[in-house]
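Please keep the structure in view as you read.

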Amino acid sequence: MSILVGKNTRVVGQGITGNFGRLHALKNIEYGTNYVAAVTPGKGGQQFEDKLPIFNSVHDAVKNEGANTSVIFVPPPFAADGILEAIDAGIELIICITEGIPVRDMAVVKDALKKSNTRLIGPNCPGIMTPGECNIGIMPSYIAKPGKVGVVSRSGTLTYEAVYQLTVRGHGQSTCIGIGGDPINGTSHTDAVRMFNEDPETEAIIMIGEIGGTAEEEAAEYIKNNVKKPVAAFIAGTTAPPGRRMGHAGAIVSGSSGAASSKIAALEAAGIAVAPTPSDIADTLLKIYS
Amino acid sequence: MNIHEFQAKQLFADYGIPTVKGVAARSTDAFDDAIASIQSELIVVKSQIHAGGRGKGTFKDGYKGGVKVCKTKEEAKEAATRMLGNTLVTHQTGPEGREVKTVYFNEACSIKKEYYLAITLDRATSKAVIIASTEGGVDIETVAEETPEKIIKIFIDPATGIMPFHKRTIGFGLGLSDKESFKQLSKLLDGLYRFYWEKDASMVEINPLITTDEGALIALDAKVGFDSNALFRNPDILALRDLDEEDPKEIEAGKHGLSYIALDGNIACLVNGAGLAMATMDIIKHFGGSPANFLDVGGGASEAAVTEAFKIILSDPNVEGILVNIFGGIMSCKVIANGIVGAAKNVDINVPLVVRLEGNEVEEGKEILKNSNLPITPADDLSDAAKKVVEEVANKA
């Protein structure tokens with residue numbers, strides 16, 4: 001078992017006829033992920049790599065192929081439109097890989113999400129993977145193996161770091177979720193932790209955060225009150241100067257808000273084991289979970 | 001992306017937000033004409049840099065105050081002459097300060113009361129938040145900390161935009177609820193929100209917003225930042241970018257699709273992924289070193305981009321060691337290895353170089369580095385790499 005994605009997932013790829021999307025969609029398909037359609041407006045009726053029918057709209061992909069999950073590789077100026085189209089078509093889960101979507105567009109998307117039953121992961125994220133079953137996005141699948149640890153992170157490469165550390169120590173993962181580095185995202189740390197907590201097959205959780213916003217503090221509060229499973233965490237950006245965007249649009253310390261120190265303090269106050277360095281993420285969990 | 005106060009006020013004018021008359025000058029030749037156009041008795045002379053705290057700042061030559069209220073035209077010219085080309089240090093610039101390349105002359109006006117008004121994104125609700133306070137002209141963070149009851153926060157639904165009830169809440173909260181004041185406030189709030197929304201601002205701040213003795217509501221200062229991800233659809237805003245306010249290394253990095261931020265340490269790092277790049281800085285510090293930069297080469301960085309990354313890192317004279325940390329998820333370690341070898345051919349890497357490669361095609365990557373006969377210290381994992389680079393730099397010193 002796992003959360004959000006698995007054997008019943010039927011993926012439509014939006015914008016996978018571009019080079020970057022194609023590369024990763026093909027890797028996902030090779031891994032065994034059930035892609036059922038592609039959507040590229042204007043290319044409807046064609047085939048994607050002789051594997052999938054291409055449609056002009058997400059609605060057509062849902063109607064004809066029963067797609068229930070969408071992965072979006074659409075360029076930033078058009079990505080919000082792509083997300084809104086998928087919401088309108090009744091897609092249950094959207095994974096948006098695109099980096100660089102304007103905040104204003106995401107404010108509109110967030111509003112539409114609240115009025116729908118759709119869940120969005122990302123944007124500006126590496127995607128979601130249930131090892132052995134399904135990989136949607138750009139995570140390297142070879143670093144993962146099926147298991148019982150749920151991993152959630154705002155950062156792509158730090159996710160890989162944690163997953164790889166677990167795998168080489170013999171521990172697999174139930175699901176790995178990259179929730180993305182933007183200031184507005186669809187799924188929060190708290191959402192992911194809640195799902196892992198409710199998933200009977202997930203026994204322990206790794207949560208990786210970074211400077212900016214207060215999502216980690218909110219998750220800490222949730223964990224303190226609700227989660228009995230062992231949780232380890234790491235927060236990146238202790239040395240980041242205030243007022244500067246550290247690569248990710250959302251990674252910025254604004255005034256007194258969003259600093260790594262306050263996040264680490266909140267996590268520790270909630271009884272969460274916080275890794276002192278990014279090299280110790282798996283070991284920190286394995287001290288409290290075996 | 002940030003802009004100067006004088007640019008922000010020009011944009012404010014387009015949105016019907018009242019400001020005092022002001023003229024910007026970039027050279028001493030332009031001072032006389034600029035000063036002549038100011039009608040008020042007092043003249044306010046303001047240094048234009050992308051940092052707050054200008055009024056309380058000090059110039060490197062000891063001249064105090066980046067904002068001056070002058071009684072005569074001569075005094076204004078004298079103040080402007082002292083400011084232009086001088087380096088202003090404020091609590092926001094860091095000790096290196098910023099060179100003043102533009103001086104802004106403003107008409108003075110009477111101040112009856114100062115207020116604070118800003119719009120920014122509230123990340124917790126994913127909505128725009130209007131922040132208003134009767135405590136204007138002071139540091140709003142301090143107000144929020146010490147007297148949070150004096151901060152009014154109004155969250156705006158993106159579907160409706162700003163509504164009359166929002167404006168009434170702010171009007172009553174600020175004591176600007178009489179008919180004439182509220183009329184002005186209402187128009188100003190409409191303009192400010194429309195500006196925030198249409199121009200993809202990340203923050204607009206008026207501190208202080210003032211009422212004059214005559215009852216006029218005026219934005220006396222203006223601080224505006226924009227969402228860099230939305231500049232593609234705001235070419236008029238992009239045209240206001242002042243490259244003089246940015247680190248040349250950061251500008252160069254941007255041209256090559258690299259994300260670089262200069263810091264004040266001596267150990268440079270070159271990493272793929274923003275989170276891992278931050279974590280690499282942190283681990284250098286953890287083992288007693290000091291990071292010289294943040295540098296994310298991204299997921300799809302080419303060999304050429306990696307070479308450029310090395311050039312940028314090495315153009316920082318403080319750099320005494322380099323840590324390359326690559327988790328090749330998407331990116332093949334071969335690309336990085338070839339980039340390092342290529343860079344070494346073009347750039348003289350004369351400081352210790354520790355490389356940690358992991359992930360996609362790692363063995364091939366390590367092999368390329370080994371066969372290059374470059375003086376590279378390989379590392380097993382990130383801790384090992386950080387320890388080694390800190391040690392090598394310490395040994396060399």
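A cavity, as the word is used here, is a set of grid points where a 1.4 Å probe fits but cannot get out, whereas a pocket is an open set. In this model, which is predicted, the count by that rule comes to one cavity of 30 Å³ or more.

The volume of the largest cavity is about 110 Å³. Its lining is made up of 15 residues, and those closest to its centre are Val103(A), Arg104(A) and Ala107(A), together with Tyr196(B) and Trp197(B). If you then look for the elements that give two or more residues to this lining, you will find helix H4 (103-114) of chain A, and, from chain B, strand S9 (127-133) and helix H6 (179-198). When the lining residues of the largest cavity are sorted by class, ten are nonpolar, four are charged and one is polar.

We can now turn to an open space, the second largest pocket, which holds about 360 Å³. Here the lining consists of 24 residues, and nearest the centre lie Asn185(A), Ser188(A), Ala215(A) and Glu218(A), along with Arg123(B) from the other letter in the model's naming, chain B. Which elements give two or more residues to the lining of this second largest pocket? They are H4, helix H6 (189-198) and helix H7 (215-226), which belong to chain A, and H6(A) gives the most, with four residues. By class, the lining of the second largest pocket has eleven polar, eight charged and five nonpolar residues.

Definitions and conventions: Residues are numbered from 1 along each chain as its sequence is written. Chains are lettered from A and ligands numbered from 1 in the order in which they are written. This is a predicted model: local features need pLDDT of at least 70, side-chain atom pairs count only at pLDDT 80 or more; totals for chains, interfaces and linings use all residues. Side-chain values use heavy atoms; hydrogens and water are left out. On a 1 Å grid over the protein atoms alone, a cavity is a set of points where a 1.4 Å probe fits but cannot get out, and a pocket is an open set with protein on both sides within 12 Å along at least five of seven lines; lining residues have an atom within 4 Å of a point. Grid points are joined across faces, edges and corners, and a volume is the space filled by probe spheres set on the points. Ala, Val, Leu, Ile, Met, Phe, Trp, Tyr, Cys and Pro count as nonpolar, Asp, Glu, Lys and Arg as charged, and the others, Gly among them, as polar.
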